Amino acid sequence: MWRRVASLSSFFSSSSSSFLPQTASRLNAWESLTTGIAQQANGVIVPKEKTPFITFVLGGPGSGKGTQCIKIVETFGFTHLSAGDLLRREIASNSADGAMILNTIKEGKIVPSQVTVKLLQKEMESSDSNKFLIDGFPRTEENRVSFERIIGVEPNVVLFFDCPEEEMVKRVLNRNQGRVDDNLETIKTRLKVFEALSLPVINYYSQRGKLYTIKAVGAEDEIFEQVRPIFTAIEQAVA
Ligand SMILES: Nc1ncnc2c1ncn2[C@@H]1O[C@H](COP(=O)(O)OP(=O)(O)OP(=O)(O)O)[C@@H](O)[C@H]1O
Ligand SMILES: Nc1ccn([C@@H]2O[C@H](COP(=O)(O)O)[C@@H](O)[C@H]2O)c(=O)n1
Ligand SMILES: [Mg+2]
C-alpha cells in the first residue's frame, strides 16, 4: 500500500538553469512517493516490499556529479550508483560487452540503454538499500524510457548540476584519473552529446516538476550547501 505524505513544496524555492528555457519546478512529493518498482510474480504485478527512493543525478561532463554524490552519501546515507563507473567495471571485468563499451566511452557516445539499465538493475536488486543516487543516468530519452520499462519506476527527484562549458572542460582536463575519455577530442563529443541528447531529458523532468537545478560553480562545499536542503526536506517528509 502506498502512503501519502505532506507536500514538500514549501521547503523548496524554484531554481533556474542557464541551459533550460523554463524554471525548474517544485518537488511533487505526492507523485514522487507514490511511484515504485513493481515485480512480476505468477503473472501478477505486486509492489516491492519497500518502495525505493530514487534520485537521478544529471549534468554535463565534469559538472561535479560524482563529487557531490560522495557528499550526499556521507551526509544522508544514500547508495551511489554511477552508470559510468558500472560501465567501466564491465570493461575491467572483460565481459562480453566490454570492448563495445570501451569503444563507445572512448568516442564519448552513449552505450545502448539495455546494457546500462541491466547493470543498474543488478545493483539495485542486490542492494539492501532503499534510497539510490543514480549518477550520470539517464543520458538520453532512450535511457529514460528503457529504465522505466525495465525497472518499472520513475525517479522521485532529479538533480541537475548546471555548469558552464569552459569550467567543465577545465575540470575534466585536470581530473587526472586516467580516464580514456578525459581528453579534448572526446570532451568535445561528450559536450555535444550532452546538449543534443541529455538536455531534453533534463527538460522532461523539469516539466514533470521533479527537477532541482544546482549552480555548480564555486567551491565544492558551497555547492553542497545548495544540495543539503533538498535532502534534509526529503528526510523530514519521509520520516
Ligand atoms: N566545485 C568544484 N570546483 C573545482 N573542481 C571540482 C569541483 N567539483 C568537482 N571538481 C573536480 O572536477 C573534476 C570532475 O568532477 P566529477 O568527477 O565529480 O564530475 P562528474 O560530473 O562526475 O564528471 P563525469 O560526468 O565526467 O563523470 C574532478 O577532478 C573533481 O575533483
Ligand atoms: N547512462 C550512461 C552513462 C555513461 N555512459 C558512458 O560512460 C561515459 C562516462 O560516463 P560518466 O558519467 O562517468 O562521465 C559517458 O561519456 C558515456 O560514454 C553511457 O553510455 N550511458
Ligand atoms: Mg562522474
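This report covers the pocket, the ligand and the cavities of a predicted model.

Local features need pLDDT of at least 70 and side-chain atom pairs pLDDT 80 or more, while totals for chains, interfaces and linings use all residues. Residues are numbered from 1 along each chain as its sequence is written, chains are lettered from A and ligands numbered from 1 in the order in which they are written, and side-chain values use heavy atoms, without hydrogens and water.

**The largest pocket**

The largest pocket has a volume of about 970 Å³. A pocket is an open set of points on a 1 Å grid over the protein atoms alone, with protein on both sides within 12 Å along at least five of seven lines; lining residues have an atom within 4 Å of a point. A volume is the space filled by probe spheres set on the points, which are joined across faces, edges and corners.

The lining counts 43 residues. Gly62, Lys65, Arg175, Arg179 and Arg190 lie nearest the pocket centre. Elements giving two or more residues to this lining include H2, strand S4 (79–82), helix H3 (83–92) and H8. Helices (H or I, at least four residues) and strands (E, at least two) are DSSP runs, numbered from the N terminus.

**Ligand 1**

Ligand 1 sits in the largest pocket; that is, more than half of its atoms lie within 2 Å of the grid points. 16 residues surround ligand 1 (a heavy atom within 4 Å). The closest are Lys65, Thr67, Arg175, Arg190 and Gly218. Helix H2 (65–76) gives the largest share of this shell, three residues. Helix H9 (220–238) supplies at least two.

Polar contacts (pairs of N or O atoms within 3.5 Å) include these:

| Residue | Protein atom | Ligand 1 atom | Distance |
|---|---|---|---|
| Gly64 | backbone N or O | oxygen | 3.0 Å |
| Arg190 | side-chain N or O | oxygen | 2.7 Å |
| Gly218 | polar backbone atom | nitrogen | 2.8 Å |

The protein covers 78% of the 640 Å² of accessible area that ligand 1 has on its own (Shrake-Rupley method, 1.4 Å probe).

**Cavities**

A cavity is a set of grid points where a 1.4 Å probe fits but cannot get out. The model has two cavities of 30 Å³ or more. The largest cavity holds about 50 Å³ of space. Its lining includes Leu58, Gly59, Lys65, Phe194, Ser198 and Ile202. H8 gives the largest share of that lining, three residues. Strand S3 (53–59) and helix H8 (184–207) each supply at least two.

Note on methods
Polar contact = N/O pair within 3.5 Å; in protein donor to acceptor, adjacent residues only side chain to side chain.
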